[in-house]
Amino acid sequence: MKLKDFNDEYAMTRIAELNVIANMFGWKNINVNVETRLVSYAKMVDFSPIRMDVYYTTMTVTVSLEHPKKGKTQLHRRNVSDDELKILFQNPRAHTGKGYYKKY
């Protein structure tokens, strides 16, 4: 088996696993980019769209949302475990102690 084949197989398996987790909490898969190893999800929460980008090889998660007081923000978290990812899919604003945010 070639390394490329292994990576493609890993990517498809990992994406499928992430989709199962996301679907458990009502998120919709809106984008997959195997080249950048990114899967994106979206959900409406309290009439506000939220986007979650998951880089599945590094498990870096970026949540883009409208904060009630700070406006448009992005929350970045690195090395997120599957259990922490489930928490983020339940509550995208949850504090994990692993990230930082940017205001736009």
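Predicted model: local features only at pLDDT ≥ 70, side-chain atom pairs only at ≥ 80, totals over all residues.
Me: How confident is the predictor, and where is the pLDDT below 50?

Reply: pLDDT is the predictor's confidence in each residue, from 0 to 100. The protein averages 87, and 86% of the residues score at least 70. Over residues 1–6 the pLDDT is below 50, and beyond near neighbours in sequence this stretch has two contacts in the model. A contact means heavy atoms within 4.5 Å.

Me: Which elements does the protein have, and in what order?

Reply: There are two helices and six strands. From the N terminus on, they run α-β-β-β-β-β-α-β.

Me: What makes β1 and β2 a pair?

Reply: Strand β1 (residues 28–33) is joined to β2 by five bridges, in the antiparallel sense. Asn31 stands opposite Ser40 in β2. Their hairpin has four residues between the strands, and Arg37 in this hairpin takes a positive phi near 60°.

Me: Is Thr62 buried or exposed, and how do you know?

Reply: Buried means under 20% relative accessible area, exposed means over 50%, and partly exposed lies in between (1.4 Å probe, protein chains only). Thr62 has 7%, so Thr62 is buried. This residue is found in strand β4.

Me: How does His67 come out by that rule, buried or partly exposed?

Reply: His67 also belongs to β4. At 25% relative accessibility, His67 counts as partly exposed. Leaving aside neighbours within four places in sequence, His67 is in contact with Thr73 and Arg93. His67 and Arg93 are 26 residues apart along the chain, and their C-alpha atoms are separated by 9.3 Å.

Me: Which residue is the partner of Thr62 in β5, and what joins their side chains?

Reply: The bridge partner of Thr62 in β5 is His76, and a polar contact of 3.0 Å joins the two side chains. A polar contact is a pair of N or O atoms within 3.5 Å; within protein, one must be able to donate a hydrogen and the other to accept it, and residues adjacent in sequence count only if both atoms are side-chain atoms. The 3.0 Å distance is therefore inside the limit. Around these two residues, β4 and β5 run antiparallel, joined by seven bridges, and a hairpin links these strands through three residues.

Me: Why is β5 called largely enclosed?

Reply: Five of the seven residues of β5 (residues 71–77) are buried, so the rest of the structure largely encloses this strand.

Me: What makes a nonpolar core, and how many residues has the largest one?

Reply: A nonpolar core is a set of buried Ala, Val, Leu, Ile, Met, Phe, Trp, Tyr and Cys residues joined through side-chain atoms within 4.5 Å. The largest has 23 residues, and Met52, Leu85 and Phe89 have the most contacts inside it. Elements supplying at least two residues each include α1 (3–24), β3 (48–55) and α2 (82–90). Helix α1 gives the most, with five residues.

Me: Why is the pair of Tyr41 and Phe89 called edge-to-face?

Reply: Rings of Phe, Tyr and Trp (its six-membered ring) pair if their centres lie within 6.5 Å; planes under 30 degrees apart count as stacked, over 60 as edge-to-face and the rest as tilted. The structure holds three aromatic pairs. The centres of Tyr41 and Phe89 are 5.5 Å apart and their planes stand at 90°, so this pair is edge-to-face. Tyr41 lies in strand β2 and Phe89 in helix α2, so the pair ties together parts that are 48 residues apart in sequence.

Note on methods. Residues numbered from 1 in each chain as written. Heavy atoms only, no water. Pairing = 2+ DSSP bridges.
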